[in-house]
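Reader: I'm new to this one. Can you walk me through what the structure shows?

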Amino acid sequence: MSDALQPLIVGSGPAGIRAAQALVAAAIRPAVVDEAPSAGGQIYRQRLVPDERGPRDLYGSEAGKATALHHAFDRIRDKIDYFPESLVWHIRDRTADTMKGGRNRRLPFTHLILATGATDRVVPFRGWTTPGVFTLGGAQIALKSQGCAIGENVVFLGSGPLLYLVAWQYMKAGAKVAAVLDTAPFLAKLHLARGALSQPGVVVRGLRYVAELMARGVPVRFGVEPARIEGEGRVGAVVWRENGRERRLACDAVGYGFALRSETQLADLAGCRFVFDERDRAWRPERDAAGRTSMAGIYIAGDGAGIAGADAAELAGERAALALLEDAGLAVDRARVADLERRLEGIRRFRDVLEAAFPFPTAWASSVEDDVLLCRCEEISVGQVRHAARDQGVSELNRLKALTRIGMGRCQGRMCSTAAAEVLAAAGGRPVAAVGRLRAQPPVKPLPLAIVSEGETA
């Protein structure tokens with residue numbers, strides 16, 4: 001039976017690595033495709049070139065987990081077909097189109113595990129496209145993979161656990177953190193008390209980040225409302241509103257974001273059915289507790305299945321691989337399956353607590369000015385979206401795309417679709433679920449026009 005299986009795993013982060021490890025343990029040889037040059041995903045991203053930094057410098061309190069994951073991948077490296085620096089840009093007929101170095105390769109599969117992860121959730125405000133403004137994830141990647149900071153005097157703005165983690169990592173790396181500006185009110189953090197019993201280590205670690213930032217003299221403000229980024233050609237200051245007053249702080253860079261959004265485009269191309277997740281305010285692929293999607297033989301794990309974090313991604317990756325083995329008629333350890341599902345359910349409940357402690361700023365969509373740029377690829381403003389809703393009767397996201405070109409640029413909606421959905425829903429006085437989601441189209445990311453096919457037409 002195992003010789004007939006050709007599993008393909010997309011992504012070599014925590015979920016992809018644990019999925020590959022479980023398949024290898026069952027004498028299966030999966031193919032693993034990833035855009036990065038080395039395994040680890042965004043959370044445990046490795047350095048581009050060796051330097052004097054050790055795991056503790058790169059990953060802080062998560063150094064042990066990162067090292068264990070990297071070593072796990074090294075141990076199975078010769079038992080898998082690994083395609084680093086390769087982009088999966090289309091999925092059709094049990095085949096994945098991949099591109100590396102301008103060459104297209106088609107990888108057939110019998111089973112597919114999508115471990116595509118997540119990217120930052122961004123909502124625009126005045127000045128957000130000024131050079132020197134980075135997403136929180138982008139700021140973290142610069143520090144981990146290249147060993148450089150996004151500026152010399154950095155403000156971190158937004159909400160979510162990543163806000164404090166990245167600020168703390170910058171401080172520990174020696175960068176000057178000018179302030180941490182949290183859009184969530186302080187009282188929202190009291191929800192964390194509900195999570196202290198189930199995930200005490202996570203709560204204590206988060207509190208330590210805040211305490212150490214404040215002990216180093218970093219101002220930490222709660223309940224702020226971003227007003228604008230100032231600067232000509234480069235960030236010069238950030239301005240926000242707090243308790244009815246406008247405040248201004250000089251800086252030369254801003255790390256910015258509101259938690260994460262799942263990467264779901266490949267699941268869409270694979271034909272998976274979607275459901276709306278009220279907690280994440282987003283559409284995600286429908287799945288069961290094991291990661292099975294609505295399409296037979298296609299599984300999803302990690303943040304691409306719904307935001308849950310790196311620990312959950314490791315568990316979900318292994319669980320999805322065991323589901324694949326079960327569906328192929330192979331024996332699995334039932335006690336291990338039960339343990340994985342129990343621990344995943346515990347993390348899911350804790351994620352509900354985190355969402356309550358770091359709520360999305362739902363008032364933003366109604367308060368942002370008309371002339372603020374929303375889709376930077378196609379230069380579509382917030383006002384154009386409102387005009388389409390008010391004067392052209394647009395109430396659905398794909399109709400908005402057809403009329404305005406929003407989401408048609410290089411990012412294919414990964415940056416702008418969340419904000420566009422919020423603005424469109426607010427303009428029509430409807431819940432965000434009612435405006436739908438952008439349908440994915442190949443290629444999901446830009447390809448060179450001169451792409452060369454290996455044996456088949458691209």
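Reader: How many salt bridges does the structure hold?

Author: The structure holds 43 salt bridges. A salt bridge here is a side-chain nitrogen of Lys or Arg within 4 Å of a carboxyl oxygen of Asp or Glu.

Reader: What should I know about the model and the numbering?

Author: This is a predicted model: local features need pLDDT of at least 70, side-chain atom pairs count only at pLDDT 80 or more, and totals for chains, interfaces and linings use all residues. Residues are numbered from 1 along each chain as its sequence is written, and side-chain values use heavy atoms, with hydrogens and water left out.

Reader: Back to the bridges. Which residue meets Asp97 in a salt bridge?

Author: Arg106 does, at 2.8 Å from N to O.

Reader: Is Asp97 buried or exposed?

Author: Asp97 is buried, at 0% relative accessibility. Buried means under 20% relative accessible area, exposed means over 50%, and partly exposed lies in between (1.4 Å probe, protein chains only). Arg106 has a relative accessible area of 25%, so Arg106 is partly exposed.

Reader: What about strand S5, residues 95-100: how many of its six residues are buried?

Author: Five of the six, so strand S5 is mostly covered. Strands (E, at least two residues) and helices (H or I, at least four) are DSSP runs, numbered from the N terminus.

Reader: Which way do S4 and S5 run, parallel or antiparallel?

Author: Antiparallel. Five bridges join S4 (residues 87-92) to S5. Two strands pair if DSSP finds at least two bridges between them. Leu87 stands opposite Met99 in S5.

Reader: What sits between S4 and S5?

Author: Two residues, in a hairpin. Asp93 in the turn has a positive phi of about 50°.

Reader: And how many bridges join S5 to S6?

Author: Six bridges join S5 to strand S6 (residues 103-108), and this pair runs antiparallel. Thr98 stands opposite Arg105 in S6. The hairpin of S5 and S6 has two residues between the strands, and Gly101 there takes a positive phi near 55°.

Reader: Which residue forms a salt bridge with Arg405?

Author: Glu378, with the closest N and O atoms 3.0 Å apart. The pair links distant parts of the chain, 27 residues apart. Arg405 is in the loop between helix H13 (397-404) and helix H14 (417-428). Glu378 is in the loop between strand S21 (373-375) and strand S22 (380-381).

Reader: New topic. Where is Glu152?

Author: Glu152 is in the loop between helix H4 (136-146) and strand S10 (153-159). Glu152 is exposed, with a relative accessible area of 67%.

Reader: What is Glu152 in contact with?

Author: Lys176 and Asp252, leaving aside neighbours within four places in sequence. Contact means heavy atoms within 4.5 Å. Glu152 and Asp252 are 100 residues apart in sequence, but 6.6 Å apart in space, C-alpha to C-alpha.

Reader: Which residues make the nonpolar surface patch of about 350 Å²?

Author: Phe186, Leu187 and Leu190. Patches are made of residues with over 30% relative accessible area and no salt bridge; like charges are joined within 9 Å, and nonpolar side chains (Val, Leu, Ile, Met, Phe, Trp, Tyr) within 5 Å. Areas come from the Shrake-Rupley method with a 1.4 Å probe; for residues, only the protein chains shown count as cover. Leu190 lies in the loop between strand S11 (176-182) and helix H6 (192-195). At a relative accessible area of 54%, Leu190 is exposed.

Reader: Zoom out. How many helices and strands are there?

Author: There are 14 helices and 23 strands in the chain. The radius of gyration is 22 Å, close to the 23 Å that the globule rule gives for 458 residues, so the chain is as compact as a globular protein of that length. That radius is taken over C-alpha atoms, and the rule is 2.2 Å times the number of residues to the power 0.38.

Reader: How much of the chain is buried?

Author: Buried residues make up 54% of the 458 residues. The chain exposes about 19800 Å², and carbon and sulfur atoms supply 52% of that area.
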